[in-house]
Amino acid sequence: MSEQSVILDTDRGITVGDVYDVAIHGARLDVGDDCLERVRIAREVVERVLAGGRKVYGLNTYVGHLRDLQVPEEDLLEYQHQLIDMHARGIGETLPEEDVRALLLARIAGMAHGASGAHPEVFLGLVELLNRRVHPIVPLGGSVGASDLTQMAAVGQVLMGRGEAIYQGELLRADEALRRAGIQPVRLRPKDGLALISSNGFSIGLGALAVVALDKVCNIADVIGCLSLEAIGGNLEPFQEEVAAAKPFEGQMATSAHMRECLAGSYLEQGGASVQDPLSFRVMPQVHGALREQVTFARRAVQVELNSSGDNPMVSLERNDLISNGNFHPVVLALSFETLRLALAHVAMISERRINRLRYHGIPAGKMAEFRKRFPFRPYHGPSVHSASALLAEIKHMANPVTLSSSILNPEAEDHSTLAPQAVTLTRTQLERVESLLAIEALMAYDVLTDDPNLPVLGRGTAAVCRIVGRVLEEVGDDASASLVCESVRALLFAVPEPAHLR
(Lines give C-alpha, C1' and ligand atoms only; values in the text may rest on other atoms or scores of the structure.)
Protein backbone atom coordinates (compact mmCIF):
# COMPACT_ATOMS: atom_id res chain seq x y z
CA MET A 1 0.00 0.00 0.00
CA SER A 2 1.28 3.42 -0.94
CA GLU A 3 1.96 6.03 1.75
CA GLN A 4 1.21 8.88 -0.64
CA SER A 5 -2.10 10.72 -0.54
CA VAL A 6 -4.32 12.62 -2.93
CA ILE A 7 -6.13 15.71 -1.69
CA LEU A 8 -9.68 16.42 -2.81
CA ASP A 9 -10.80 20.02 -2.49
CA THR A 10 -13.21 22.18 -4.45
CA ASP A 11 -10.54 24.57 -5.79
CA ARG A 12 -8.10 21.97 -7.10
CA GLY A 13 -10.47 19.19 -8.08
CA ILE A 14 -9.28 15.77 -9.22
CA THR A 15 -6.97 14.91 -12.12
CA VAL A 16 -6.56 11.82 -14.26
CA GLY A 17 -3.20 11.34 -12.56
CA ASP A 18 -4.91 11.37 -9.16
CA VAL A 19 -7.17 8.53 -10.25
CA TYR A 20 -4.13 6.57 -11.38
CA ASP A 21 -2.33 7.18 -8.08
CA VAL A 22 -5.33 6.12 -6.00
CA ALA A 23 -6.29 3.14 -8.16
CA ILE A 24 -2.92 1.71 -9.16
CA HIS A 25 -0.56 2.95 -6.46
CA GLY A 26 -3.10 2.68 -3.63
CA ALA A 27 -2.79 6.31 -2.54
CA ARG A 28 -5.00 7.52 0.30
CA LEU A 29 -7.70 10.12 -0.34
CA ASP A 30 -7.78 13.14 1.97
CA VAL A 31 -10.96 15.21 1.70
CA GLY A 32 -10.78 18.93 2.34
CA ASP A 33 -13.09 20.66 4.81
CA ASP A 34 -14.54 22.75 1.98
CA CYS A 35 -15.86 19.60 0.28
CA LEU A 36 -17.43 18.36 3.50
CA GLU A 37 -19.08 21.74 4.02
CA ARG A 38 -20.57 21.73 0.50
CA VAL A 39 -21.92 18.22 1.05
CA ARG A 40 -23.45 19.30 4.37
CA ILE A 41 -25.06 22.45 2.95
CA ALA A 42 -26.44 20.57 -0.06
CA ARG A 43 -28.01 18.01 2.26
CA GLU A 44 -29.78 20.83 4.11
CA VAL A 45 -31.28 21.91 0.78
CA VAL A 46 -32.59 18.38 0.22
CA GLU A 47 -34.16 18.30 3.68
CA ARG A 48 -35.87 21.68 3.13
CA VAL A 49 -37.28 20.66 -0.25
CA LEU A 50 -38.48 17.36 1.18
CA ALA A 51 -40.20 19.13 4.06
CA GLY A 52 -41.90 21.48 1.61
CA GLY A 53 -43.84 18.60 0.07
CA ARG A 54 -43.20 19.42 -3.60
CA LYS A 55 -42.85 16.37 -5.81
CA VAL A 56 -39.23 15.87 -6.88
CA TYR A 57 -38.00 13.00 -9.02
CA GLY A 58 -36.35 10.23 -6.99
CA LEU A 59 -36.64 12.20 -3.76
CA ASN A 60 -40.28 11.56 -2.97
CA THR A 61 -41.39 10.00 -6.26
CA TYR A 62 -40.62 6.73 -7.92
CA VAL A 63 -38.18 6.66 -10.85
CA GLY A 64 -38.43 5.79 -14.54
CA HIS A 65 -41.89 5.66 -16.04
CA LEU A 66 -43.39 5.95 -12.52
CA ARG A 67 -41.76 9.34 -12.05
CA ASP A 68 -45.06 11.16 -11.41
CA LEU A 69 -46.22 8.75 -8.72
CA GLN A 70 -45.40 9.91 -5.21
CA VAL A 71 -43.83 7.53 -2.68
CA PRO A 72 -45.87 7.26 0.53
CA GLU A 73 -44.11 9.09 3.35
CA GLU A 74 -43.83 5.92 5.43
CA ASP A 75 -41.97 4.22 2.54
CA LEU A 76 -39.46 6.99 1.78
CA LEU A 77 -36.54 5.40 3.65
CA GLU A 78 -37.16 1.86 2.45
CA TYR A 79 -37.55 3.01 -1.16
CA GLN A 80 -33.96 4.27 -1.25
CA HIS A 81 -32.76 0.79 -0.30
CA GLN A 82 -35.06 -0.71 -2.90
CA LEU A 83 -33.55 1.60 -5.53
CA ILE A 84 -30.14 0.10 -4.83
CA ASP A 85 -31.34 -3.50 -4.80
CA MET A 86 -33.44 -3.23 -7.96
CA HIS A 87 -30.49 -1.86 -9.94
CA ALA A 88 -27.81 -4.22 -8.59
CA ARG A 89 -28.43 -6.59 -11.48
CA GLY A 90 -25.12 -6.45 -13.35
CA ILE A 91 -23.55 -9.36 -15.19
CA GLY A 92 -20.15 -10.53 -16.38
CA GLU A 93 -16.75 -10.79 -14.81
CA THR A 94 -15.80 -9.00 -11.62
CA LEU A 95 -13.80 -5.79 -11.92
CA PRO A 96 -10.24 -5.93 -10.58
CA GLU A 97 -9.60 -3.96 -7.40
CA GLU A 98 -7.80 -1.13 -9.18
CA ASP A 99 -10.84 -0.51 -11.39
CA VAL A 100 -13.12 -0.51 -8.35
CA ARG A 101 -10.87 2.05 -6.67
CA ALA A 102 -11.04 4.23 -9.79
CA LEU A 103 -14.84 4.23 -9.90
CA LEU A 104 -15.06 4.86 -6.15
CA LEU A 105 -12.87 7.94 -6.49
CA ALA A 106 -14.83 9.16 -9.50
CA ARG A 107 -18.09 8.97 -7.53
CA ILE A 108 -16.59 10.61 -4.46
CA ALA A 109 -15.25 13.46 -6.61
CA GLY A 110 -18.68 13.97 -8.14
CA MET A 111 -20.41 14.01 -4.75
CA ALA A 112 -17.88 16.48 -3.37
CA HIS A 113 -19.48 19.29 -5.39
CA GLY A 114 -22.62 18.95 -3.30
CA ALA A 115 -24.96 18.57 -6.27
CA SER A 116 -25.83 14.98 -5.34
CA GLY A 117 -27.44 16.01 -2.06
CA ALA A 118 -26.19 12.80 -0.44
CA HIS A 119 -26.05 12.71 3.33
CA PRO A 120 -22.52 13.30 4.67
CA GLU A 121 -22.55 9.76 6.10
CA VAL A 122 -22.94 8.35 2.58
CA PHE A 123 -20.16 10.55 1.24
CA LEU A 124 -17.79 9.68 4.07
CA GLY A 125 -18.78 6.04 3.84
CA LEU A 126 -17.48 5.90 0.27
CA VAL A 127 -14.26 7.58 1.38
CA GLU A 128 -13.89 4.94 4.10
CA LEU A 129 -14.41 2.10 1.62
CA LEU A 130 -11.62 3.55 -0.49
CA ASN A 131 -9.14 4.33 2.27
CA ARG A 132 -9.70 1.15 4.27
CA ARG A 133 -9.52 -0.86 1.06
CA VAL A 134 -12.91 -2.54 1.23
CA HIS A 135 -13.46 -3.21 -2.46
CA PRO A 136 -17.03 -4.06 -3.50
CA ILE A 137 -17.60 -6.87 -5.96
CA VAL A 138 -18.65 -4.93 -9.05
CA PRO A 139 -19.71 -6.58 -12.33
CA LEU A 140 -18.31 -5.45 -15.66
CA GLY A 141 -21.60 -5.52 -17.56
CA GLY A 142 -25.04 -4.00 -17.18
CA SER A 143 -24.70 -0.25 -17.74
CA VAL A 144 -25.86 1.51 -20.90
CA GLY A 145 -24.29 4.84 -20.02
CA ALA A 146 -27.37 6.68 -18.80
CA SER A 147 -25.77 6.60 -15.36
CA ASP A 148 -23.77 3.46 -14.59
CA LEU A 149 -26.65 2.16 -12.52
CA THR A 150 -25.67 -1.48 -12.11
CA GLN A 151 -22.05 -0.91 -11.12
CA MET A 152 -22.83 1.93 -8.74
CA ALA A 153 -25.68 -0.06 -7.18
CA ALA A 154 -23.18 -2.83 -6.38
CA VAL A 155 -21.13 -0.24 -4.50
CA GLY A 156 -24.25 1.05 -2.74
CA GLN A 157 -25.14 -2.44 -1.56
CA VAL A 158 -21.79 -2.89 0.15
CA LEU A 159 -22.11 0.51 1.80
CA MET A 160 -25.39 -0.75 3.30
CA GLY A 161 -23.79 -4.03 4.39
CA ARG A 162 -25.23 -6.12 1.56
CA GLY A 163 -23.55 -7.89 -1.33
CA GLU A 164 -19.91 -8.96 -1.27
CA ALA A 165 -16.52 -7.28 -1.03
CA ILE A 166 -12.82 -8.04 -1.00
CA TYR A 167 -11.00 -7.10 2.18
CA GLN A 168 -7.32 -7.91 2.74
CA GLY A 169 -7.39 -10.33 -0.17
CA GLU A 170 -10.41 -12.29 1.07
CA LEU A 171 -13.88 -12.46 -0.48
CA LEU A 172 -16.40 -11.73 2.28
CA ARG A 173 -20.01 -10.89 2.80
CA ALA A 174 -20.23 -7.12 2.83
CA ASP A 175 -21.36 -6.87 6.45
CA GLU A 176 -18.36 -8.94 7.55
CA ALA A 177 -15.94 -6.93 5.41
CA LEU A 178 -17.26 -3.70 6.93
CA ARG A 179 -17.01 -5.13 10.43
CA ARG A 180 -13.39 -6.19 9.99
CA ALA A 181 -12.50 -2.79 8.50
CA GLY A 182 -14.23 -0.92 11.31
CA ILE A 183 -16.85 0.70 9.07
CA GLN A 184 -20.48 1.07 10.11
CA PRO A 185 -23.11 0.20 7.46
CA VAL A 186 -24.98 3.27 6.23
CA ARG A 187 -28.75 3.55 6.49
CA LEU A 188 -29.92 5.54 3.51
CA ARG A 189 -32.11 8.62 3.76
CA PRO A 190 -34.31 10.12 1.01
CA LYS A 191 -32.24 10.93 -2.11
CA ASP A 192 -29.23 8.85 -0.93
CA GLY A 193 -29.98 5.80 -3.05
CA LEU A 194 -30.39 7.88 -6.18
CA ALA A 195 -27.24 9.86 -5.30
CA LEU A 196 -25.26 6.62 -5.23
CA ILE A 197 -26.46 5.26 -8.57
CA SER A 198 -27.17 8.41 -10.61
CA SER A 199 -23.59 8.81 -11.76
CA ASN A 200 -21.09 7.54 -14.31
CA GLY A 201 -18.38 6.51 -11.88
CA PHE A 202 -17.61 3.37 -13.88
CA SER A 203 -17.15 5.11 -17.23
CA ILE A 204 -15.27 8.07 -15.76
CA GLY A 205 -12.98 6.10 -13.44
CA LEU A 206 -12.03 3.47 -16.00
CA GLY A 207 -11.77 6.17 -18.66
CA ALA A 208 -9.17 7.94 -16.53
CA LEU A 209 -7.08 4.76 -16.28
CA ALA A 210 -7.39 4.26 -20.03
CA VAL A 211 -6.10 7.77 -20.75
CA VAL A 212 -2.96 7.11 -18.69
CA ALA A 213 -2.36 3.85 -20.57
CA LEU A 214 -2.91 5.66 -23.88
CA ASP A 215 -0.29 8.26 -23.01
CA LYS A 216 2.22 5.47 -22.56
CA VAL A 217 1.24 3.78 -25.83
CA CYS A 218 1.74 7.07 -27.70
CA ASN A 219 5.29 7.29 -26.41
CA ILE A 220 6.25 3.63 -26.83
CA ALA A 221 4.78 3.50 -30.35
CA ASP A 222 7.11 6.36 -31.32
CA VAL A 223 10.17 4.59 -29.92
CA ILE A 224 9.38 1.24 -31.54
CA GLY A 225 8.68 2.94 -34.85
CA CYS A 226 12.08 4.62 -34.61
CA LEU A 227 13.72 1.24 -33.91
CA SER A 228 12.14 -0.15 -37.06
CA LEU A 229 13.41 2.86 -38.99
CA GLU A 230 16.94 2.08 -37.81
CA ALA A 231 16.46 -1.57 -38.77
CA ILE A 232 15.79 -0.67 -42.41
CA GLY A 233 18.28 2.20 -42.58
CA GLY A 234 15.53 4.75 -43.05
CA ASN A 235 15.46 8.44 -43.84
CA LEU A 236 15.17 11.01 -41.03
CA GLU A 237 13.96 13.92 -43.16
CA PRO A 238 10.22 13.40 -42.46
CA PHE A 239 10.83 13.97 -38.74
CA GLN A 240 12.57 17.31 -39.02
CA GLU A 241 11.19 20.20 -37.00
CA GLU A 242 10.61 22.25 -40.15
CA VAL A 243 8.36 19.53 -41.58
CA ALA A 244 6.22 19.41 -38.43
CA ALA A 245 5.99 23.20 -38.32
CA ALA A 246 4.64 23.22 -41.89
CA LYS A 247 1.48 21.55 -40.58
CA PRO A 248 1.40 22.55 -36.90
CA PHE A 249 -0.95 20.05 -35.31
CA GLU A 250 0.22 19.79 -31.71
CA GLY A 251 0.14 15.99 -31.79
CA GLN A 252 2.26 15.81 -34.92
CA MET A 253 4.78 18.30 -33.58
CA ALA A 254 5.01 16.41 -30.27
CA THR A 255 5.51 13.10 -32.08
CA SER A 256 8.20 14.52 -34.34
CA ALA A 257 10.04 16.05 -31.39
CA HIS A 258 9.83 12.79 -29.46
CA MET A 259 11.12 10.77 -32.41
CA ARG A 260 14.06 13.13 -32.86
CA GLU A 261 14.84 12.70 -29.18
CA CYS A 262 14.62 8.90 -29.46
CA LEU A 263 16.94 8.88 -32.48
CA ALA A 264 19.49 11.28 -31.01
CA GLY A 265 22.97 9.83 -31.61
CA SER A 266 21.71 7.21 -34.07
CA TYR A 267 23.80 6.15 -37.04
CA LEU A 268 20.91 7.39 -39.19
CA GLU A 269 21.98 10.95 -38.45
CA GLN A 270 24.86 10.33 -40.84
CA GLY A 271 22.39 9.53 -43.62
CA GLY A 272 20.08 6.57 -44.21
CA ALA A 273 20.02 4.04 -47.01
CA SER A 274 16.83 5.32 -48.61
CA VAL A 275 15.87 8.52 -50.38
CA GLN A 276 12.25 7.98 -49.30
CA ASP A 277 10.76 5.21 -47.18
CA PRO A 278 7.35 3.50 -47.42
CA LEU A 279 4.48 5.49 -45.97
CA SER A 280 4.23 3.26 -42.89
CA PHE A 281 7.62 4.68 -41.85
CA ARG A 282 7.36 8.14 -43.34
CA VAL A 283 3.97 9.17 -41.89
CA MET A 284 4.52 8.11 -38.29
CA PRO A 285 4.41 11.75 -37.09
CA GLN A 286 1.07 12.26 -38.82
CA VAL A 287 -0.55 8.99 -37.68
CA HIS A 288 0.91 8.83 -34.17
CA GLY A 289 0.29 12.55 -33.85
CA ALA A 290 -3.39 12.06 -34.68
CA LEU A 291 -3.62 9.56 -31.82
CA ARG A 292 -2.02 12.10 -29.49
CA GLU A 293 -4.64 14.65 -30.52
CA GLN A 294 -7.46 12.25 -29.67
CA VAL A 295 -5.87 11.30 -26.34
CA THR A 296 -5.73 15.00 -25.45
CA PHE A 297 -9.43 15.35 -26.25
CA ALA A 298 -10.32 12.22 -24.25
CA ARG A 299 -8.26 13.43 -21.30
CA ARG A 300 -10.20 16.70 -21.30
CA ALA A 301 -13.53 14.83 -21.48
CA VAL A 302 -12.59 12.62 -18.53
CA GLN A 303 -11.21 15.59 -16.61
CA VAL A 304 -14.42 17.57 -17.04
CA GLU A 305 -16.54 14.59 -15.97
CA LEU A 306 -14.35 13.99 -12.92
CA ASN A 307 -14.89 17.54 -11.74
CA SER A 308 -18.57 17.86 -12.57
CA SER A 309 -21.92 16.68 -11.31
CA GLY A 310 -23.84 13.99 -13.18
CA ASP A 311 -26.67 13.87 -10.63
CA ASN A 312 -30.34 13.94 -11.49
CA PRO A 313 -31.93 15.78 -9.88
CA MET A 314 -29.05 18.04 -8.94
CA VAL A 315 -28.92 20.27 -5.92
CA SER A 316 -28.55 23.96 -6.74
CA LEU A 317 -26.96 25.76 -3.82
CA GLU A 318 -27.62 29.10 -5.54
CA ARG A 319 -31.34 28.46 -5.99
CA ASN A 320 -31.72 26.43 -2.81
CA ASP A 321 -33.59 23.83 -4.86
CA LEU A 322 -33.35 20.58 -6.82
CA ILE A 323 -33.27 20.69 -10.63
CA SER A 324 -34.18 17.90 -13.05
CA ASN A 325 -31.55 17.48 -15.79
CA GLY A 326 -29.65 15.11 -18.08
CA ASN A 327 -26.04 15.52 -16.91
CA PHE A 328 -25.82 11.77 -16.31
CA HIS A 329 -25.53 11.41 -20.11
CA PRO A 330 -21.72 11.47 -20.80
CA VAL A 331 -21.92 11.82 -24.57
CA VAL A 332 -18.66 13.76 -25.01
CA LEU A 333 -16.75 11.13 -23.05
CA ALA A 334 -18.38 8.32 -25.03
CA LEU A 335 -17.60 9.88 -28.41
CA SER A 336 -14.02 10.68 -27.42
CA PHE A 337 -13.37 6.98 -26.83
CA GLU A 338 -15.08 6.05 -30.08
CA THR A 339 -12.62 8.30 -31.93
CA LEU A 340 -9.70 6.96 -29.93
CA ARG A 341 -10.31 3.47 -31.26
CA LEU A 342 -10.18 4.74 -34.84
CA ALA A 343 -6.89 6.49 -34.15
CA LEU A 344 -5.48 3.38 -32.45
CA ALA A 345 -6.46 1.30 -35.46
CA HIS A 346 -4.47 3.58 -37.77
CA VAL A 347 -1.41 3.31 -35.51
CA ALA A 348 -1.82 -0.46 -35.61
CA MET A 349 -2.21 -0.52 -39.40
CA ILE A 350 1.14 1.13 -40.07
CA SER A 351 2.81 -0.95 -37.35
CA GLU A 352 1.65 -4.15 -39.05
CA ARG A 353 2.98 -2.87 -42.39
CA ARG A 354 6.36 -2.15 -40.81
CA ILE A 355 6.37 -5.64 -39.29
CA ASN A 356 5.83 -7.14 -42.71
CA ARG A 357 8.57 -4.98 -44.19
CA LEU A 358 10.98 -5.97 -41.42
CA ARG A 359 10.36 -9.69 -41.85
CA TYR A 360 11.48 -9.57 -45.46
CA HIS A 361 14.04 -6.81 -45.11
CA GLY A 362 16.92 -7.06 -47.56
CA ILE A 363 15.23 -9.55 -49.90
CA PRO A 364 14.84 -8.08 -53.42
CA ALA A 365 11.41 -8.22 -54.99
CA GLY A 366 10.86 -11.44 -56.95
CA LYS A 367 13.90 -13.16 -55.40
CA MET A 368 12.18 -14.83 -52.44
CA ALA A 369 12.30 -18.40 -53.78
CA GLU A 370 15.97 -18.11 -54.71
CA PHE A 371 16.78 -16.53 -51.35
CA ARG A 372 15.15 -19.38 -49.45
CA LYS A 373 17.22 -21.97 -51.29
CA ARG A 374 20.49 -20.21 -50.62
CA PHE A 375 19.84 -18.78 -47.15
CA PRO A 376 17.46 -20.52 -44.71
CA PHE A 377 15.71 -18.05 -42.43
CA ARG A 378 17.66 -17.31 -39.27
CA PRO A 379 16.15 -18.48 -35.96
CA TYR A 380 13.43 -16.17 -34.72
CA HIS A 381 11.51 -16.86 -31.53
CA GLY A 382 8.89 -14.12 -31.62
CA PRO A 383 5.37 -14.14 -33.11
CA SER A 384 4.98 -14.36 -36.88
CA VAL A 385 3.58 -11.92 -39.40
CA HIS A 386 0.44 -14.08 -39.30
CA SER A 387 0.00 -13.23 -35.61
CA ALA A 388 0.41 -9.55 -36.40
CA SER A 389 -2.17 -9.77 -39.19
CA ALA A 390 -4.63 -11.57 -36.91
CA LEU A 391 -4.19 -8.94 -34.23
CA LEU A 392 -4.75 -6.17 -36.74
CA ALA A 393 -8.04 -7.75 -37.85
CA GLU A 394 -9.30 -7.65 -34.26
CA ILE A 395 -8.06 -4.11 -33.72
CA LYS A 396 -9.78 -2.83 -36.86
CA HIS A 397 -13.03 -4.58 -35.97
CA MET A 398 -12.97 -2.97 -32.51
CA ALA A 399 -12.69 0.45 -34.16
CA ASN A 400 -16.34 0.18 -35.25
CA PRO A 401 -18.69 2.48 -33.31
CA VAL A 402 -20.60 1.00 -30.41
CA THR A 403 -22.45 4.07 -29.12
CA LEU A 404 -24.93 4.00 -32.01
CA SER A 405 -26.19 0.59 -30.89
CA SER A 406 -28.28 1.74 -27.94
CA SER A 407 -31.86 0.56 -27.80
CA ILE A 408 -34.98 2.03 -26.25
CA LEU A 409 -35.34 0.70 -22.72
CA ASN A 410 -38.46 2.57 -21.77
CA PRO A 411 -40.30 4.79 -24.26
CA GLU A 412 -41.75 6.80 -21.37
CA ALA A 413 -38.37 7.66 -19.87
CA GLU A 414 -35.20 5.94 -21.14
CA ASP A 415 -35.34 6.30 -24.92
CA HIS A 416 -31.64 7.08 -25.54
CA SER A 417 -28.38 5.83 -24.04
CA THR A 418 -24.74 6.71 -24.59
CA LEU A 419 -23.15 3.26 -24.13
CA ALA A 420 -20.18 5.11 -22.67
CA PRO A 421 -19.15 2.06 -20.59
CA GLN A 422 -18.91 -0.05 -23.73
CA ALA A 423 -16.93 2.67 -25.54
CA VAL A 424 -14.42 2.80 -22.67
CA THR A 425 -14.09 -0.94 -22.04
CA LEU A 426 -13.82 -1.73 -25.76
CA THR A 427 -11.02 0.84 -26.04
CA ARG A 428 -9.16 -0.79 -23.17
CA THR A 429 -9.46 -4.20 -24.82
CA GLN A 430 -8.31 -2.81 -28.17
CA LEU A 431 -5.41 -1.09 -26.42
CA GLU A 432 -4.13 -4.45 -25.15
CA ARG A 433 -4.11 -5.79 -28.72
CA VAL A 434 -2.23 -2.72 -29.94
CA GLU A 435 0.37 -3.19 -27.21
CA SER A 436 0.89 -6.81 -28.31
CA LEU A 437 1.25 -5.71 -31.93
CA LEU A 438 3.86 -3.11 -31.00
CA ALA A 439 5.71 -5.75 -28.98
CA ILE A 440 5.88 -7.91 -32.12
CA GLU A 441 7.29 -4.97 -34.05
CA ALA A 442 9.93 -4.41 -31.38
CA LEU A 443 10.92 -8.08 -31.59
CA MET A 444 11.10 -7.98 -35.40
CA ALA A 445 13.22 -4.82 -35.42
CA TYR A 446 15.53 -6.25 -32.77
CA ASP A 447 15.88 -9.42 -34.84
CA VAL A 448 16.90 -7.49 -37.95
CA LEU A 449 19.34 -5.23 -36.12
CA THR A 450 21.07 -7.94 -34.09
CA ASP A 451 21.47 -10.23 -37.11
CA ASP A 452 24.24 -7.88 -38.20
CA PRO A 453 27.40 -8.73 -36.21
CA ASN A 454 28.33 -5.04 -36.46
CA LEU A 455 25.32 -3.63 -34.65
CA PRO A 456 25.00 0.01 -35.66
CA VAL A 457 24.94 2.79 -33.11
CA LEU A 458 21.33 3.30 -32.07
CA GLY A 459 19.55 6.36 -30.76
CA ARG A 460 19.12 7.08 -27.09
CA GLY A 461 15.51 5.86 -26.91
CA THR A 462 15.77 2.99 -29.36
CA ALA A 463 18.85 1.56 -27.66
CA ALA A 464 16.79 1.36 -24.46
CA VAL A 465 14.11 -0.72 -26.20
CA CYS A 466 16.80 -2.97 -27.68
CA ARG A 467 18.16 -3.60 -24.21
CA ILE A 468 14.70 -4.47 -22.91
CA VAL A 469 14.04 -6.94 -25.73
CA GLY A 470 17.47 -8.49 -25.36
CA ARG A 471 16.97 -8.91 -21.62
CA VAL A 472 13.62 -10.64 -22.16
CA LEU A 473 15.05 -13.05 -24.74
CA GLU A 474 17.93 -13.90 -22.45
CA GLU A 475 15.62 -14.53 -19.49
CA VAL A 476 13.01 -16.67 -21.24
CA GLY A 477 15.53 -18.76 -23.20
CA ASP A 478 15.53 -20.22 -26.69
CA ASP A 479 12.76 -22.74 -25.97
CA ALA A 480 10.19 -20.15 -24.89
CA SER A 481 6.96 -19.96 -26.86
CA ALA A 482 6.29 -17.00 -29.12
CA SER A 483 3.37 -16.09 -26.86
CA LEU A 484 5.58 -15.95 -23.77
CA VAL A 485 8.21 -13.92 -25.60
CA CYS A 486 5.65 -11.41 -26.89
CA GLU A 487 3.81 -10.97 -23.60
CA SER A 488 7.07 -10.65 -21.66
CA VAL A 489 8.21 -7.84 -23.95
CA ARG A 490 4.80 -6.21 -23.73
CA ALA A 491 4.84 -6.40 -19.93
CA LEU A 492 8.22 -4.70 -19.69
CA LEU A 493 7.36 -1.99 -22.18
CA PHE A 494 3.81 -1.16 -21.06
CA ALA A 495 2.94 -2.60 -17.67
CA VAL A 496 5.66 -0.99 -15.56
CA PRO A 497 6.46 2.67 -14.83
CA GLU A 498 7.93 4.08 -17.99
CA PRO A 499 11.71 4.59 -17.87
CA ALA A 500 12.65 8.26 -18.10
CA HIS A 501 14.69 7.73 -21.26
CA LEU A 502 11.63 6.35 -23.09
CA ARG A 503 9.39 9.34 -22.36
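The legends below accompany close-up views of a predicted model.

View 1. Strand β6 (residues 164-167) runs antiparallel to β7, and four bridges join the two; among the residues involved, A165 of β6 has L172 as its bridge partner in β7. Q168 counts as exposed, its relative accessibility being 69%.

View 2. E176 forms a salt bridge with R180, and the closest N and O atoms of the pair are 2.8 Å apart. Both E176 and R180 lie in helix α7 (residues 174-181), where they are four residues apart, about one turn of the helix. An α-helix has 3.6 residues a turn, so residues three or four places apart point the same way. Both partners count as partly exposed, E176 at 23% relative accessibility and R180 at 38%. Salt bridges that share partners join E170, E176, R179 and R180 into one network.

View 3. D99 forms a salt bridge with R428, with 3.0 Å between the closest N and O atoms. The pair links distant parts of the chain, since D99 lies in helix α4 (residues 97-111) and R428 in helix α17, 329 residues apart. D99 is buried, with a relative accessible area of 5%, whereas R428 counts as partly exposed at 24% relative accessibility.

**View 4. The salt bridge of D30 with R28.** The closest N and O atoms of D30 and R28 are 3.0 Å apart, and the two residues form a salt bridge. D30 is partly exposed, with a relative accessible area of 28%, and R28 likewise counts as partly exposed, at 44% relative accessibility. The count for the model comes to 25 salt bridges.

View 5. E305 has its place in helix α13 (residues 284-306). E305 is buried yet has no salt bridge, and the nearest side chain of opposite charge, that of R107, is 9.2 Å away. When neighbours within four places in sequence are left aside, E305 is in contact with I204, P330 and L333.

View 6. S228 is found in helix α9 and counts as buried, its relative accessibility being 0%. Apart from neighbours within four places in sequence, the residues in contact with S228 are F281, R354, L358, E441 and A445.

**View 7. Helix α19 and the residue that follows.** Helix α19 (residues 482-494) has 13 residues and reaches 18 Å from its first C-alpha to its last, close to the 18 Å expected at 1.5 Å a residue. The buried residues of α19 are V485, C486, S488, V489, R490, L493 and F494, and the helices against which these residues pack are α9 (201-232), α17 (420-451) and α18 (460-476). A495 lies in the segment after α19 and is exposed, with a relative accessible area of 63%. Although A495 and K216 are 279 residues apart in sequence, their C-alpha atoms are 9.5 Å apart in space.

View 8. A cis peptide bond joins N312 and P313, with omega about -5°, and P313 has its place in the loop between α13 and β8 (314-316). The loop between β8 and β9 (321-323) holds N320, which has a positive phi of about 55° although it is not a glycine. N320 is partly exposed, with a relative accessible area of 36%.

Methods
Residues are numbered from 1 along each chain as its sequence is written. This is a predicted model: local features need pLDDT of at least 70, side-chain atom pairs count only at pLDDT 80 or more; totals for chains, interfaces and linings use all residues. Side-chain values use heavy atoms; hydrogens and water are left out. Buried means under 20% relative accessible area, exposed over 50%, partly exposed in between (1.4 Å probe, protein chains only). Lys and Arg count as positive and Asp and Glu as negative; His and the chain ends are not counted. A salt bridge is a side-chain nitrogen of Lys or Arg within 4 Å of a carboxyl oxygen of Asp or Glu. Contact means heavy atoms within 4.5 Å. The expected span of a helix is 1.5 Å times one less than its number of residues. Two strands pair if DSSP finds at least two bridges between them.
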